[in-house]
Amino acid sequence: MDKLRITGGRALHGEVNISGAKNAALPELCATLLTADPVTLFNVPRLRDVATMRLLLDNMGVRTETHGERGGMTLQASDPIQPEAPYELVKTMRASVLVLGPLLARFGHARVSLPGGCAIGSRPVDQHIKGMQAMGADIEVEHGYMVAKLGAGRSRLRGARITTDMVTVTGTENFLMAATLAEGETVLENAAQEPEIGDLAEMLIAMGAQIEGHGTSRIRIQGVERLHGCDHQVVADRIEAGTFLCAVAATGGDVLLRHGRADHLDAVIEKLREAGAVIEGGRDSDGDFIRVRASGRLKAQSFRTTEYPGFPTDMQAQFMALNCIAQGTSTVTETIFENRFMHVNELVRLGAHIQTDGKVAVIEGIDRLSGATVMATDLRASASLVIAGLVAEGETIVDRIYHLDRGYDQMEAKLRGIGADIERIK
């Protein structure tokens, strides 16, 4: 099992390329099931979750081919397609539930295993089931599988007004994809507003879908009879960009993040600026960029995670690592997932002063952390331990980094390219 060995204390300088967003690429890979035509995606990140999704689609009969240096991947879901997602391929990745909507919309039936993924709390699929039922599907949970088919006498899903009990990103994406081929109009109320959903909508529009309101809490979709192929570039990963922003802010230095979108990270950037980092966003001949500069000890910042455009839960652990060595005391309130403080015990092993009480963590900033062996418990926890290792005195070993590989494209190579002393070991 691979580990990372980090020797802390180096400021970071240079440029780093931000990869395509995992949370956009996964639903967009699933969206290729909506047409028999070839679809080509660019800027697809090289991640374990992407490889798992490709394997899942391959298993259904989708032809996939990677090509070029731009992270290109062409997929064609021409008949015959086996509309089943087996447990063996679904158990490690929650995003596999995203095949449900496309399979139902195009083929009229699906058998999808209940998903797995990070152990960061309950993320039930009941909202997905209720939404599909509102669109005319019959769904039963049998032996760990969602078994779905069109209602009696129907050849297509029907448009519906869907209001979820809570904001759900994968639910919004599933309904959005299913509604493109439904009969009539679908209105999604309380829809998630993440940039990745907007990117998926733009891809679907390029395939011939009729969608309005993406990027807001109310999305309208007018169903069409068929979609066609397209070329689409996956949006840059705002969580990877935010992780590098926190790493530079914690260690000090001056780094340019190529392809990073500052407008997708307003809440994080505001907190980093309040902490004392200097951050500029813009666009030049090479595209979007974010530049971050930091020196000296930053000021601790309290925050509360909320749905987009609020402070993202996927950045909570990374910012907490920064707060551990910042000046002052901060509180972090996690409102999205109930088990997302599992990194706290590992940060404490590095010397951090953190107390938790339910959804709230209180962090007392200290001058320095000290290297130790720590264990990653989930994807973003892994990133927080890397950041902590970059500022800790001595050597830090981060174990179980297969979590990290699920969501970061060659993180250690990118960090090494901007001056970090970090290597992957067996």
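**The second largest pocket**

Guide: The model is predicted: local features need pLDDT of at least 70 and side-chain atom pairs 80 or more, while totals for linings use all residues. Numbering runs from 1 along each chain, and side-chain values use heavy atoms, without hydrogens and water.

The lining has 30 residues in total, with Ile-18, Gly-20, Asn-43, Gln-233 and His-259 nearest the centre of the pocket (an open set of 1 Å grid points with protein on both sides within 12 Å along at least five of seven lines; lining residues have an atom within 4 Å of a point). Two or more lining residues come from each of β4 (63–67), β5 (72–76) and β17 (287–294) (strands are DSSP E runs of at least two residues). The space in this pocket is about 700 Å³.

In one of them Arg-258 pairs with Asp-284, with 2.7 Å between the closest N and O atoms. This pair joins β15 (residues 253–258) to β16 (residues 278–284), across 26 residues of sequence. Arg-258 is buried at 12% relative accessibility, whereas Asp-284 is partly exposed at 30% (buried is under 20%, exposed over 50%, partly exposed in between, with a 1.4 Å probe and protein chains only). Another bridge joins Glu-185 and Arg-220 at 2.8 Å; Glu-185 is partly exposed at 34%, as is Arg-220 at 30%.

Methods: 1 Å grid on protein atoms, 1.4 Å probe; cavity = no way out; pocket = protein on both sides within 12 Å on 5 of 7 lines; lining within 4 Å. Points joined across faces, edges and corners; volume = space filled by probe spheres on them. Helix = DSSP H or I, 4+ residues; strand = E, 2+ residues; numbered from the N terminus. Salt bridge = Lys/Arg side-chain N within 4 Å of Asp/Glu carboxyl O.
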